[in-house]
Amino acid sequence: MNANRYFSFSRLGLVMKRDFMENWKTNLYRFLGPYTIFLLVMWFSSMNMTNFNEFSDIVSATFFSVLFFGGSFTASYALETMNTQQKRISFLMLPATSFEKFLARFLYVTLGFVVLCTIALLLAEFTRFLLLPLFDLPDTFKQSTLPGVWQTIMNVRTFNFNGSGIMESVVGWLFLIWIHSFFLLGGCRWYKNAFWKTLGLIILVNFFFIFVLVNLVELLDEGVMEEILLWCETNFSWVTITGILSFFIVVLVLLILLNWWLSYRCFKRSQVIKPKF
């Protein structure tokens, strides 16, 4: 390895190829899991429904749920290549920089899972078409559910403001990626039960903020709240919906990058001796 070069696509490719080849069984299970879920949902939903639009909505919701929750679970296994002392020594001794090894794992547990889910959905859809002649279903079920899935992906919204659909979807996806980045950070911080530890910490933090917010509202009487709202309307009347959404986009991008940077720092400081947590 050329020590003067910080990044090389060839080295990155070699690390990813090694990771893929050594963990082919894990990759197969992560493919068969979503494929089985999609196929079962398609099977049971088609048996109990006559409306294709409702069927398509269920498939779309299933794909979105598997993509988010399964992706978060997979991200929490960012350090699975170092879950034993022998694996850890072998991985850390690879002829690649820390950034290249982290980027390889990052792509593996993020984009890699998205690709696996997409292929699993396509194969499940193909299997459904093959099995259609065996069942007495309306002709509408001969359509593909993929357009409905795409529409669901494009309409993920955290806020609902009329006339700002694209920006709302961007904010919605950035918010989900931000949540996902916490599981990546947890996966780079903890070697054992990273998913459950991260999930528990997120729940505790949410309860804390809700508790603080509720008590803050109780401390302020109705008149104070009205004065605060009136002051905001008077001094921020120039703010537009597009401006608010743009602000949220910038903040979420910065928060995501912060979590990714912290994940890299944790990854870089990984110990050869397995920590007891």
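How many helices and strands are there in the protein? There are 11 helices and 0 strands, where helices (H or I, at least four residues) and strands (E, at least two) are DSSP runs numbered from the N terminus. The model is predicted, local features need pLDDT of at least 70, side-chain atom pairs count only at pLDDT 80 or more, and totals for chains, interfaces and linings use all residues. Residues are numbered from 1 along each chain as its sequence is written, and side-chain values use heavy atoms, with hydrogens and water left out.

Figure 1. From the N terminus on, the elements run α-α-α-α-α-α-α-α-α-α-α. Of the 277 residues, 35% are buried; buried means under 20% relative accessible area, exposed over 50%, and partly exposed in between (1.4 Å probe, protein chains only). Contact means heavy atoms within 4.5 Å. Among contacts between residues at least 6 apart in sequence, 76% join residues at least 24 apart.

Figure 2. Helix H6 (111–131) has 21 residues and reaches 30 Å from its first C-alpha to its last, close to the 30 Å expected at 1.5 Å a residue. The expected span is 1.5 Å times one less than the number of residues in the helix. In H6, Phe113, Cys117, Ala120, Leu121, Ala124, Glu125, Thr127 and Arg128 are buried. Seen down the axis of H6, these buried residues fall within an arc of 160°, so they line one face of the helix; the arc is that of the directions from the helix axis to the C-beta atoms. Leu111 and Leu130, on the other side of H6, are exposed. The packing partners of the buried residues of H6 are H2, helix H3 (52–75), helix H5 (98–109) and helix H7 (146–154).

Figure 3. H5 is largely enclosed by the rest of the structure, because 9 of its 12 residues are buried. These are Glu100, Lys101, Phe102, Leu103, Ala104, Arg105, Phe106, Tyr108 and Val109. Phe9, in helix H1 (residues 9–22), counts as exposed at 67% relative accessibility. Phe9 and Glu100 are 91 residues apart in sequence and 8.5 Å apart in space, C-alpha to C-alpha.

Figure 4. Ser72 has its place in H3 and is buried, with a relative accessible area of 2%. Not counting residues up to four places away in sequence, Ser72 touches His180, Phe183 and Phe195.

Figure 5. Rolling a probe the size of a water molecule over the atoms shows where empty space is left. On a 1 Å grid over the protein atoms alone, a cavity is a set of points where a 1.4 Å probe fits but cannot get out, and a pocket is an open set with protein on both sides within 12 Å along at least five of seven lines; lining residues have an atom within 4 Å of a point. Grid points are joined across faces, edges and corners, and a volume is the space filled by probe spheres set on the points. The whole structure holds 1 cavity of 30 Å³ or more, and about 110 Å³ of space lies in the largest cavity. Its lining consists of Leu39, Met42, Trp43, Ser46, Met47, Arg128, Leu131, Leu132, Phe135 and Leu137. Helix H2 (24–48) and H6 are the elements that give two or more residues to this lining, and H2 gives the most, with 5 residues. By class, 8 lining residues are nonpolar, 1 is polar and 1 is charged; Ala, Val, Leu, Ile, Met, Phe, Trp, Tyr, Cys and Pro count as nonpolar, Asp, Glu, Lys and Arg as charged, and the others, Gly among them, as polar.

**Figure 6. The largest pocket.** The volume of the largest pocket is about 570 Å³. Of its 22 lining residues, Leu67, Thr110, Val114, Trp173 and Ile177 are the closest to the centre. H3, H5, H6, H7 and helix H8 (165–189) each supply at least two residues of the lining, and H6 gives the most, with 6 residues. The lining has 18 nonpolar, 4 polar and no charged residues.

**Figure 7. The second largest pocket.** About 350 Å³ of space lies in the second largest pocket. Among its 14 lining residues, Trp178, Phe182, Leu201, Ile202 and Val205 lie nearest its centre. H8 and helix H9 (194–219) are the elements that give two or more residues to the lining, with the largest share, 7 residues, coming from H8. By class, the lining has 10 nonpolar, 3 polar and 1 charged residues.
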